[in-house]
Protein chains: 2
Amino acid sequence: MQTHLISYDISDNNLRLKAAKFILRAGGYRIQHSVFMGTFSKSILLKLEEELLLISNLPRWTPDDSLLLLPLHEYSKRELSIIGKVPEDWGLINREIHTLVL
Amino acid sequence: MQTHLISYDISDNNLRLKAAKFILRAGGYRIQHSVFMGTFSKSILLKLEEELLLISNLPRWTPDDSLLLLPLHEYSKRELSIIGKVPEDWGLINREIHTLVL
């Protein structure tokens, strides 16, 4: 299992909704409007990457759009800090991230 | 030196601009609209964190606003992938991140 941070800049509303749906369906959690975190099995991650790549090949994807997939090391998860609103599922996210990785 | 990913959800335009200005002035690079990466010395990072905390105490900061500060491990920097637009300074960002950390 590997925890990832995924963020995107996608101008088209439908494509953005599609990307969010795939990430959430794969088991990701929304951290901020365009930032997600999740712990994914290899097979689920592969499928998600294929789905996100498909989105980037759709006509309404623009040259300014991007998706960042960042695998997180235990160090990052321990040391990350949030100023302001903590995501609703943060307890769950944290437990899932730490339980699965320990 | 420590490389960080910093992202925010800030509804007020002025506060958002202020946050971006502080992050860029500290030596960060914009990766996506609300996502930045940079390699900061301890003192610069401390100052940046204070500045961002100050922003979160200003009147136009709302309960839904947030800032995520995520220190990146070498592993994450090596394994990250981008679909679509690569940030303009990516060569610089990558060189700076890898040179400083190796």
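This is a predicted model: local features need pLDDT of at least 70, side-chain atom pairs count only at pLDDT 80 or more; totals for chains, interfaces and linings use all residues.
The buried residues of α1(B) are B:Leu15, B:Ala19, B:Ala20, B:Phe22 and B:Ile23. Because these residues cover an arc of only 160 degrees around the axis, they sit on the same side of α1(B).

At its start, a side-chain oxygen of B:Asp12 comes to within 3.0 Å of the backbone nitrogen of B:Asn14. After the helix comes B:Gly27, which has a positive phi, near 110 degrees.

What do the buried residues of α1(B) pack against? Their partners are β1, β2, β3 and α2, each of chain B. The helix itself, residues 13-25, lies across β1 (2-9), β2 and β3 of chain B, and runs at about 170 degrees to β1(B). Helix α2 of chain B, residues 42-56, packs on the sheet as well, touching β1, β3 and β4 (66-71) of chain B together with β5 of chain A. The direction of α2(B) makes about 145 degrees with that of β3(B).

The sheet draws on both chains. Its five strands form an open sheet with antiparallel pairing, in the order β5(A)-β4(B)-β1(B)-β3(B)-β2(B). At the edges are β5 (81-84) of chain A and β2 (29-32) of chain B, each of which pairs on one side only. From one strand to the next, the twist averages 25 degrees. Within chain B, a hairpin of two residues joins β2(B) to β3(B). These antiparallel strands are linked by three bridges, with β3(B) covering residues 35-40. Along this pair, B:Tyr29 stands opposite B:Met37 of β3(B).

Turning to chain A, helix α2 (residues 42-56) has 15 residues and reaches 21 Å from its first C-alpha to its last, close to the 21 Å expected at 1.5 Å a residue. Buried along α2(A) are A:Leu45, A:Leu48, A:Glu51, A:Leu52, A:Ile55 and A:Ser56. Seen down the axis of α2(A), these buried residues fall within an arc of 145 degrees, so they line one face of the helix. On the other side of α2(A), the exposed residues are A:Lys42, A:Ser43, A:Leu46, A:Glu50 and A:Leu54. The buried residues of α2(A) pack against β1 (2-9), α1 (13-25), β3 (35-40) and β4 (66-71) of chain A, and also against β5 (81-84) of chain B.

Why does A:Ser56 count as buried? Its relative accessibility is 13%, and the cut-off for buried is under 20%. A polar atom of the A:Ser56 side chain lies 2.6 Å from the backbone oxygen of A:Leu53. Neighbours within four places in sequence aside, A:Ser56 is in contact with A:Trp61 and with B:Ile83 of the other chain.

Key
Residues are numbered from 1 along each chain as its sequence is written. Chains are lettered from A and ligands numbered from 1 in the order in which they are written. Side-chain values use heavy atoms; hydrogens and water are left out. Two strands pair if DSSP finds at least two bridges between them. Helices (H or I, at least four residues) and strands (E, at least two) are DSSP runs, numbered from the N terminus. Axes are lines fitted to C-alpha atoms, for helices over the stretch in contact, and angles run from 0 to 180 degrees between N-to-C directions. Contact means heavy atoms within 4.5 Å. Buried means under 20% relative accessible area, exposed over 50%, partly exposed in between (1.4 Å probe, protein chains only). The arc is that of the directions from the helix axis to the C-beta atoms. A polar contact is a pair of N or O atoms within 3.5 Å; within protein, one must be able to donate a hydrogen and the other to accept it, and residues adjacent in sequence count only if both atoms are side-chain atoms. The expected span of a helix is 1.5 Å times one less than its number of residues.
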